[in-house]
Amino acid sequence: MTHKISVRSAAAGDVEAIDHLLKPFAEKDIILARDRDNIFQHLQEFLVAEYDGQLAGVVCVHIYGENLAEVRSLVVDPEFQKHGVGRLLVEGCEQWALGLGVAKLFALTYVTGFFLKLGYRVVSKESLPHKVWTVCVHCARFADCDEVAVEKVLSDAPIRPMAVKPIIEIDDF
Ligand SMILES: CC(C)(COP(=O)(O)OP(=O)(O)OC[C@H]1O[C@@H](n2cnc3c(N)ncnc32)[C@H](O)[C@@H]1OP(=O)(O)O)[C@@H](O)C(=O)NCCC(=O)NCCS
């Protein structure tokens, strides 16, 4: 039997489910804790994956600048892990970042092997700009951080502005 996996932008109606997905992993300090207000405030940064129409995973992309964005809050519901959902979420982040003209993604992670499979490489944490660490001060493991930094260059060439569709377009006579 084939199953359908899709990745889409998150919507306000997803916030409760995103909160449920993230909470157990935040409690184990695997990802940074977020409350529902925080999820709402960053909703435009979130993508969700559906497996046969059920919310199966979530990820967030935070842009730091023209050449750098971070993959954050990546979680696949344990019930749906090992089916390619995590890979599709990260590939969704890559397409989303490229579409906005951002050429490089990085992550701070405990699942280095997963990111290596997706074409990321390990880099020194010192190579990341200081502003990256501003959210880390809220992490319980900040003083003794053992996460690994990984990055992927999405485009070596400068990215030309994409043909972004207008939200509204009218004819003026
Ligand atoms: C890490 C996580 C997102 C992976 O999601 P997933 O849907 O199970 O991963 P996928 O099925 O898409 O796996 C893609 C590939 O990575 C491999 N992989 C998955 N988890 C891995 C791990 N922990 N270590 C090494 N490789 C891993 C898979 O075997 C697969 O390889 P293949 O293409 O050769 O078959 C998921 O296990 C998870 O939510 N973990 C808990 C939260 C967490 O650690 N988040 C990361 C924060 S940065």
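Predicted model: local features only at pLDDT ≥ 70, side-chain atom pairs only at ≥ 80, totals over all residues.
Me: How many salt bridges does the count come to?
Reply: A salt bridge is a side-chain nitrogen of Lys or Arg within 4 Å of a carboxyl oxygen of Asp or Glu. Arg 8, Asp 14 and Glu 50 are linked in a network of such bridges. By this rule the count comes to eight.

Me: Why are Lys 23 and Asp 19 separated by about one helical turn?
Reply: The side chains of Lys 23 and Asp 19 meet in a salt bridge, at 3.5 Å from N to O. Helices (H or I, at least four residues) and strands (E, at least two) are DSSP runs, numbered from the N terminus. The separation is about one helical turn because the two residues are four residues apart in helix H1, residues 15-27.

Me: Is Asp 19 buried or exposed?
Reply: Buried means under 20% relative accessible area, exposed over 50%, and partly exposed in between (1.4 Å probe, protein chains only). Lys 23, at 42%, is partly exposed. Asp 19 has a relative accessible area of 4%, so this residue is buried.

Me: How many residues apart in sequence are the parts tied together by Asp 19 and Arg 36?
Reply: Asp 19 forms a salt bridge with Arg 36, with the closest N and O atoms 2.7 Å apart. Asp 19 lies in helix H1 and Arg 36 in helix H2 (residues 36-41), so the pair ties together parts whose separation in sequence is 17 residues.

Me: What is the relative accessible area of Glu 70?
Reply: Arg 72 and Glu 70 form a salt bridge, their closest N and O atoms being 3.0 Å apart. Arg 72 is buried, at 12%. Glu 70 is buried as well, with a relative accessible area of 7%.

Me: Which residue with a positive phi follows H3?
Reply: Helix H3 (residues 85-99) has 15 residues. Its buried residues include Val 85, Leu 89 and Cys 93. The residue that follows H3 has a phi near 85 degrees and is Gly 101.

Me: Is Ile 170 buried or exposed?
Reply: Ile 170 lies in the segment after strand S7 (148-153). Together with Ile 167 and Ile 168, Ile 170 makes a nonpolar surface patch of about 450 Å². Its relative accessibility is 70%, so Ile 170 counts as exposed.

Me: How much of the ligand's area does the protein bury?
Reply: A nitrogen atom of the ligand is 2.7 Å from a polar backbone atom of Leu 74, and a backbone N or O atom of Gly 86 lies 2.8 Å from a ligand oxygen atom. A polar side-chain atom of Lys 117 lies 3.0 Å from an oxygen atom of the ligand. Accessible areas come from the Shrake-Rupley method with a 1.4 Å probe; for residues, only the protein chains shown count as cover. Taken alone the ligand exposes 930 Å², and of that the protein buries 75%.

Definitions and conventions. Residues numbered from 1 in each chain as written. Heavy atoms only, no water. Patch = residues over 30% accessible without salt bridge, like charges linked within 9 Å, V, L, I, M, F, W, Y side chains within 5 Å. Expected span 1.5 Å × (residues − 1). Polar contact = N/O pair within 3.5 Å; in protein donor to acceptor, adjacent residues only side chain to side chain.
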